[in-house]
Amino acid sequence: MPKYKEIAIALKKKIVEGEFKEGELLPDQETLAKMYQTSRVTVRKAIQLLIDEGLLYTRRGSGTYVRTNIKQNNKDVTQINSVFGTSLQEGEEVTSKIIRFEVRFPTAYEAESLKIKHTDPVYDIKRVRYVKDEAKSIETSVMPLKYVRDLDEEILMGSIYNYVRDELGFVISAAQRVIIASKANELDSAEFNIEVGEPILETNQVVFFDDGTPFDLSKTRYPYTSGKIVADIN
């Protein structure tokens, strides 16, 4: 397991057990780096995971704090502010059912959104994502092969973003996201156990590496039964 994940797990344990109390300022990154005998870069990555899980938040010029009402805010919540995908949002083991996995050329819209040529092949991926055998989301992604190479079904069964970050070495940093209301189609109905036409929340986004390169054009659909939505405004 990468060092930053080990640190994130250790910090989360301290938060859950109350060693770092709700509303409390976390030790600075230099202190944490010495505590865990690692670099500030590694600590920063660990903290980012917990920010995206909804356990921590930052104040510009002040530091990183433990959220208040952690248990309340993390019960039946879908984190739409995270750019890291379902695996890190849910905090549980996430599995997949692959609906579509193919390579093709991009449409004009996809090529423009991903800043690639119309001759650059892309992965076209559609998956249902489960937590404890319950469907949490249906994700569709278009990713250029020139960045996200050597995908296979084993990777798709887990986390693509973990693979991109840990195996390919990219840093995922930001997303442009649009959230819309929609109606359940037949796949939504079957997976989410709701009626066709019932409300669905859909997010459409472009996700970027830290150098500003777009690498994922995706759409994710959530059932209204997934609970409330939490989004941070910074």
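Guide: Begin with the helices and strands, which are DSSP runs numbered from the N terminus: helices are H or I runs of at least four residues, and strands are E runs of at least two. The protein chain here has nine helices and 10 strands. The model is predicted, so local features need pLDDT of at least 70 and side-chain atom pairs count only at pLDDT 80 or more, while totals for chains, interfaces and linings use all residues. Residues are numbered from 1 along each chain as its sequence is written, and side-chain values use heavy atoms, with hydrogens and water left out.

Visitor: How much of the protein chain is buried?

Guide: Buried means under 20% relative accessible area, exposed over 50%, and partly exposed in between, with a 1.4 Å probe and protein chains only. Buried residues make up 46% of the 234 residues in the protein chain.

Visitor: Which residues have the most contacts inside the largest nonpolar core?

Guide: In soluble globular proteins, nonpolar side chains tend to be buried together. A nonpolar core is a set of buried Ala, Val, Leu, Ile, Met, Phe, Trp, Tyr and Cys residues joined through side-chain atoms within 4.5 Å. The largest one here has 19 residues, and those with the most contacts inside it are Leu11, Ile15, Leu32, Leu50 and Leu56. The elements giving two or more residues to this core are α1 (3–16), α2 (29–35) and α3 (40–52). The largest share, six residues, comes from α3. A second, separate core of 17 residues includes Tyr123, Ile160, Val164 and Phe209.

Visitor: What does Leu32 touch?

Guide: Contact means heavy atoms within 4.5 Å. Not counting residues up to four places away in sequence, Leu32 touches Leu11, Leu26, Pro27, Val43 and Ile47.

Visitor: How is the length of α1 judged?

Guide: The expected span of a helix is 1.5 Å times one less than its number of residues. With 14 residues, α1 reaches 20 Å from its first C-alpha to its last, close to the 20 Å expected. Its buried residues include Leu11 and Ile15. Just after α1, Gly18 takes a positive phi of about 90 degrees.

Visitor: Now the strands. Which strands pair with β8?

Guide: Two strands pair if DSSP finds at least two bridges between them. Strand β7 (residues 172–183) pairs with β8 in the antiparallel sense over 11 bridges. Nine bridges join β8 to strand β9 (residues 214–223), and these two also run antiparallel. Val207 in β8 stands opposite Ala175, and in β9 the bridge partner of Val207 is Asp216. Strand β8 (residues 199–209) is mostly covered, with eight of its 11 residues buried.

Visitor: What is found in the hairpin of β8 and β9?

Guide: There are four residues between the strands, and Gly212 takes a positive phi near 90 degrees. In the hairpin of β1 and β2, with three residues between the strands, Gly61 takes a positive phi near 80 degrees.

Visitor: Why does Ser141 count as buried?

Guide: Ser141 counts as buried because its relative accessibility is 8%. The place of Ser141 is in strand β6 (residues 134–144).

Visitor: With which side chain does the side chain of Ser141 make a polar contact?

Guide: A polar contact is a pair of N or O atoms within 3.5 Å; within protein, one must be able to donate a hydrogen and the other to accept it, and residues adjacent in sequence count only if both atoms are side-chain atoms. The side chain of Ser141 makes one with the side chain of Asp216, at 3.2 Å. Leaving aside neighbours within four places in sequence, Ser141 is in contact with residues including Tyr123, Asp216 and Leu217.
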